[in-house]
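Hi,

Here is the structure I said I'd pass on to you. Have a look at it first, and then read my notes below with the viewer still open.

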Amino acid sequence: MGAAGVMLSVDRLNVYIQASHILRDVSLAVGPREVVCLVGRNGAGKTTTLRSILGYLAPQSGTIRFLGRDIAGRRPFEIAQQGLGFAPEDSAIFADLTVAENVEISTWTRKTSRTAEERLALAYAVFPALTRYRARKGTQLSGGERKMLSIARALALDPTMLLLDEPFEGLSPAIIPEIGQSILEITTMGHAILIAESNIHHVPEYTTRLYVIERGEIVFSGPPAEVWKDEAVLRIIGGTPSWQSFR
Amino acid sequence: MLVHLANVLLSGVFHASILFLVAAGLQVVFGVQRIFNLACGSFYALGAYVGVSFVQASVQAGLPPGLFVLALVAGGLCVAVVGPVVERGLLRFVYDRDETFQLLLTFAVVLMLEDVIRMLWGTSPLSTGGLYLLYGQLKVLGVTVPVYNLIVIGASLLIALLIGYMLARTKFGRIIRAAADNREMSEALGVDMRRVYVRVFTLGTLLGTVGGALVIPATAAMTEMGIELIVEAFAVVVIGGLGSMRGAFVGALVVGVLRSIAISTYPELEMLLIYLIVIAVLVLKPRGLFGGAAA
């Protein structure tokens, strides 16, 4: 790929961890303003895919291009500075730092056309609930608040694209629509988003494209509506055709 | 009796203020880089020797002897350049290795620096002679104390406050705390860990070398002073809790004062008493008084 209109393109990526072949010829692409979901069971290779894109794991072969530049083999901080934001599955909130301190770090490491104040204001605007907790330490937050903070922190980087690893995992059903709404708001700001998700029912309805990964291989790619017609794939990800997520 | 107690306390606090500087260096490096840097003792020894040389040079250059404190601090600051050299030249290759490997490497640095010191300054103890009492003495709580000791105690307190301010309020301090908590996540936010590591290690080295330089008027520079201090700094860290600055502060006070009490009552017990406390802490509160929280 690598054509204009593609923000991130991963092409025939092969990743080994120790001697195990974890990702096999994984290819995927995310365009501007797209919300792409990478769906798969636990251990299917979702997090490995994200970690490879972010530079934590070095691929054996394949290319990763972000904004036209080859980023395979770059260090994670360089990739982040190029505008790839990340909210990991475990949120990874800095426990010793307050909410405000967690959010502001990335405004010092990456300079963009927006000022630090604008970027912080945007991050809080997407998750207004965090405004009340600015002075709280990371340890005093609930699971949902940690998820929000993790995404807000990635947003303060003023990224061109966001990688979200299981943004809905472990959250109470009541809060899932709230976070889903916030993610939608992010896309309207012009960011592209790649979400790794193990629960097909959590895939937001505004998802533009879906990839299904199983045992390190992409077994489906296409619009979300298509996946519900593919029984073989549905069996893998455990979706029931009749019941769909919060629509 | 009371005078005796005050005497013991003051000399204990003086030793504690030096010990704090070195232990603080050990803590900040461990907190961020997860390396237990045995070489902090060697940096301390190096600071002491360079301090002596700087004072001698400044006196020879005709500077007023009263300025010897400045010469000491300058010496301590200058020799801190070994920090980035050791970090970039050696440590960065072992960050992903086993702790034992890292420990062995820093121990190798200890042995190497000891030889460097022997090579440059010889084996006989060096001191700055009577300069120590140049600032006169003061009567505090009925005890005569060299003013210099009070200056060092004050300087150490000031440095402790500055470190506290740095960690809590500055960008660098917040990045240090974030990096100590989660290195990978810090990188994902664009933090260049290589730069953080160089700076943190330089800071840790600097605290050691300045500590060594400041202690020198009160004692003599000896080749084995580094190893002796590592043992005490180790006790400080166990008592205070690994990686905690507050722990370094409280631990240094405990060790400094206990050591002073032991020396004045039953000198043979000096290390034994400290180790009894260390064992008690390890048994009753294995993570130390302030353990758990990073930096």
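**What I found**

Let's begin inside one helix of chain B: in α10(B), the buried residues are M225(B), G226(B), L229(B), I230(B), E232(B), A233(B), A235(B), V236(B), V237(B), V238(B), I239(B) and G240(B). Before you go further, keep in mind that this is a predicted model.

That list amounts to twelve of the 16 residues, so α10(B) counts as mostly covered, a residue being buried if 20 or more other C-beta atoms lie within 10 Å of its own. What does the covering? Among the elements over the buried residues of α10(B) are α1 (2–33), α2 (40–60), α5 (99–121), α11 (245–265) and α12 (270–284), which also belong to chain B.

You can check the length of this helix yourself. Helix α10 of chain B runs over residues 225–240, and at 1.5 Å a residue its 16 residues should span 22 Å; the C-alpha atoms at its ends are 22 Å apart, so the two agree.

Next, follow α2(B) to where it meets another helix. The axes of α2(B) and helix α9 (residues 193–215) of chain B come within 6 Å and cross at roughly 45°. Because of that angle, α2(B) is oblique to α9(B). The crossing is right-handed. On the α2(B) side, the contact is made by C40(B), F43(B), Y44(B), A45(B), L46(B), G47(B), A48(B), V50(B) and G51(B). On the α9(B) side, you'll find G204(B), T205(B), G208(B), T209(B), V210(B), G211(B), G212(B), A213(B) and V215(B). Sorted by class, the residues of this contact are ten nonpolar, eight polar and no charged.

- L126(B) sits in the loop between α5 and β1 (137–140) of chain B. L126(B) has 17 other C-beta atoms within 10 Å, so it is partly exposed. In sequence L126(B) and A48(B) are 78 residues apart, yet their C-alpha atoms are 9.2 Å apart in space. Neighbours within four places in sequence aside, L126(B) is in contact with Y49(B), V52(B), W121(B), A220(B) and A221(B).
- P84(B) belongs to helix α4 (residues 82–89) of chain B. P84(B) is also partly exposed, because 15 other C-beta atoms lie within 10 Å. From P84(B) to L284(B) there are 200 residues in sequence and 38 Å in space, C-alpha to C-alpha. Again leaving out neighbours within four places in sequence, the contacts of P84(B) are V198(B), F201(B) and T202(B).

**Where the chains meet**

How many residues does each chain give to the contact? Chain B gives 18 residues and chain A gives 21 residues. On the side of chain B that touches chain A, the elements giving two or more residues are α7 (171–181) and α8 (183–188) of chain B. Of these, α7(B) gives the most, with six residues. By class, that side of chain B has nine nonpolar, two polar and seven charged residues.

**Over to chain A**

Helix α1 of chain A covers residues 46–53, and eight of its eight residues are buried. They include K46(A) and R51(A), along with L50(A) and I53(A). G55(A) follows α1(A), and its phi is positive, near 90°.

Chain A has a helix pair to look at too. Helix α3 (residues 99–109) and helix α4 (residues 116–126) of chain A pack at an angle of about 140°, with their axes 10 Å apart. α3(A) and α4(A) are therefore oblique to each other, and their crossing is right-handed. V103(A), E104(A) and T107(A) of α3(A) meet A116(A), R119(A), L120(A) and A123(A) of α4(A). This contact has four nonpolar, one polar and two charged residues.

Last, two backbone angles. R33(A) is not a glycine, but its phi is positive, about 60°. R33(A) lies in the loop between β2 (20–30) and β3 (35–39) of chain A, and is partly exposed because it has 14 other C-beta atoms within 10 Å. A92(A), also a residue other than glycine, has a positive phi near 50°. Look for A92(A) in the loop between β6 (84–87) and α3 of chain A. Is A92(A) buried or exposed? With 24 C-beta neighbours inside 10 Å, A92(A) counts as buried.

Cheers

Notes:
Residues numbered from 1 in each chain as written. Chains lettered and ligands numbered in written order. Predicted model: local features only at pLDDT ≥ 70, side-chain atom pairs only at ≥ 80, totals over all residues. Helix = DSSP H or I, 4+ residues; strand = E, 2+ residues; numbered from the N terminus. Expected span 1.5 Å × (residues − 1). Contact = placed C-beta atoms within 7 Å. Axes fitted to C-alpha atoms, helices over the stretch in contact; angles between N-to-C directions. Parallel < 35°, antiparallel > 145°, perpendicular 65-115°, else oblique. Left-handed = near helix turned anticlockwise from the far one by under 90°. Nonpolar A, V, L, I, M, F, W, Y, C, P; charged D, E, K, R; others polar.
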